[in-house]
Amino acid sequence: MPQRLSAYLQNKYGKKIYRLSLASGCTCPNRDGSIVIDGRPLTQGCSFCSEGGSGEFASDFVDIDRQIEDAKKVIAAKTNARSFIAYFQSYTGTYGDLTRLRELYTRVTERDDIEILSIGTRPDCLGDEVTALLKELNAKKPVWIELGLQTIHDATARRVDRGYDLPVFENAYRRLKEAGIAVITHVIFGLPGESGEDCLDTIRYLSALQPTLDGIKIQNLQILKGTGMYREYCESLDSNGAERGDFHIMSMEEYTDLVAEAIALLPKETVVHRMTGDGPRWLLVEPKWSLDKKRVLNMLTAKTRDLL
Ligand code: SF4
């Protein structure tokens, strides 16, 4: 059966490894107008993505050693942490000047306190030169590449302005795996127009990937203030605030049941990094139950007890 990330790290490294949320200073091609779909440059990002580029917990870009030291202080206040994952979540961590990316990530991998370099990015920002750089870094420290796929269904991907179709993911996945790099895929359950079966189709597809997918992050759709999705959601409500159109905000029970079904489909080699969304509380509009993280995690733990 698949492992949770904490168990995987403990088994592999024999110690606890804590995640530091860091900023790469990169932007996103889905926000700067570089991606053009049907003659329309995308400037608002994926419609579910907040202004912070899905990385509100990373600090703004300052010198990377200073960012790491500051982030360590926050964790050290609660733990005796010594080893860390340098996690570049926000925006597109492989998008930008290659020389700058090389310097940034080389400095990270040369630090003794960093065990793993984890970079969130898009499959269309992994050209040959970037992949060669990642391979080079991976020879020094494990590199994880996190790809925000969200869904395998191209109709949904276009609906949320993801800005690429599934073959782009397949191509990047194959090249990353050929380079020996671990790939973690992000999936969102509850995107507009998708049924539970559609979500499970995404998991079935990922479960069948060869070579096997290294890790997965599953989260529920979160409607965040200021996003395109928020505007569409508000417009979809009738005068009584009832849902219409293709939006359906799942209840906690529905979502946790679906996650349990998804976990049961995963191969044992795929590590489960996350099973719920952790967007910024101050922007969250729906689902309100995801504010009660402890309750959600307890329910997920109970429903996946025999599966993880
Ligand atoms: S989710 Fe990722 S790819 Fe989409 S707009 Fe946000 S940072 Fe860009």
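The tour opens at helix α2, whose buried residues are covered by elements including β1 (18-22), β4 (84-88), α3 (98-109) and β5 (114-121). The model on display is a predicted one.

**First stop: helix α2.** Select residues 64-76, the 13 residues of α2. From the first C-alpha to the last, the helix reaches 18 Å, close to the 18 Å expected at 1.5 Å a residue. Next, colour Ile 64, Gln 67, Ile 68, Ala 71, Lys 72 and Ile 75, which are buried. Viewed down the axis of α2, these buried residues fall within an arc of 130°, so they line one face of the helix. Then turn to Asp 63, which caps the N-terminal end of α2. One of its side-chain oxygens lies 3.1 Å from the backbone nitrogen of Asp 65.

Select Asn 30 in the loop between β1 and β2 (36-37). Is Asn 30 buried or exposed? Its relative accessible area is 0%, so Asn 30 is buried. Its side chain reaches the backbone oxygen of Arg 162 at 3.2 Å. Leaving aside residues up to four places away in sequence, Asn 30 touches several residues, among them Gly 45, Cys 46, Arg 122 and Asp 161.

Select residues 166-178. The 13 residues of α6 should span 18 Å at 1.5 Å a residue, and the end C-alpha atoms are 19 Å apart, which agrees. Buried residues of α6 include Leu 166, Phe 169, Ala 172 and Tyr 173. Display also what covers the buried residues, including α4 (128-138), β6 (143-150) and α7 (196-207). After α6 comes Gly 180, with a positive phi near 80°.

Gln 150, in strand β6, has a positive phi of about 75° although it is not a glycine. With a relative accessibility of 11%, Gln 150 counts as buried. Tyr 91, in the loop between β4 and α3, also has a positive phi, near 55°. Tyr 91 is partly exposed, at a relative accessible area of 29%.

Select Gln 210 and Pro 211, joined by a cis peptide bond with omega about -10°. Pro 211 lies in the loop between α7 and β8 (215-220). The bond from Glu 286 to Pro 287 is also cis, with omega near -10°. Pro 287 is located in the loop between β11 (284-286) and α10 (293-304).

Methods:
Residues are numbered from 1 along each chain as its sequence is written. This is a predicted model: local features need pLDDT of at least 70, side-chain atom pairs count only at pLDDT 80 or more; totals for chains, interfaces and linings use all residues. Side-chain values use heavy atoms; hydrogens and water are left out. Helices (H or I, at least four residues) and strands (E, at least two) are DSSP runs, numbered from the N terminus. The expected span of a helix is 1.5 Å times one less than its number of residues. Buried means under 20% relative accessible area, exposed over 50%, partly exposed in between (1.4 Å probe, protein chains only). The arc is that of the directions from the helix axis to the C-beta atoms. Contact means heavy atoms within 4.5 Å. A polar contact is a pair of N or O atoms within 3.5 Å; within protein, one must be able to donate a hydrogen and the other to accept it, and residues adjacent in sequence count only if both atoms are side-chain atoms.
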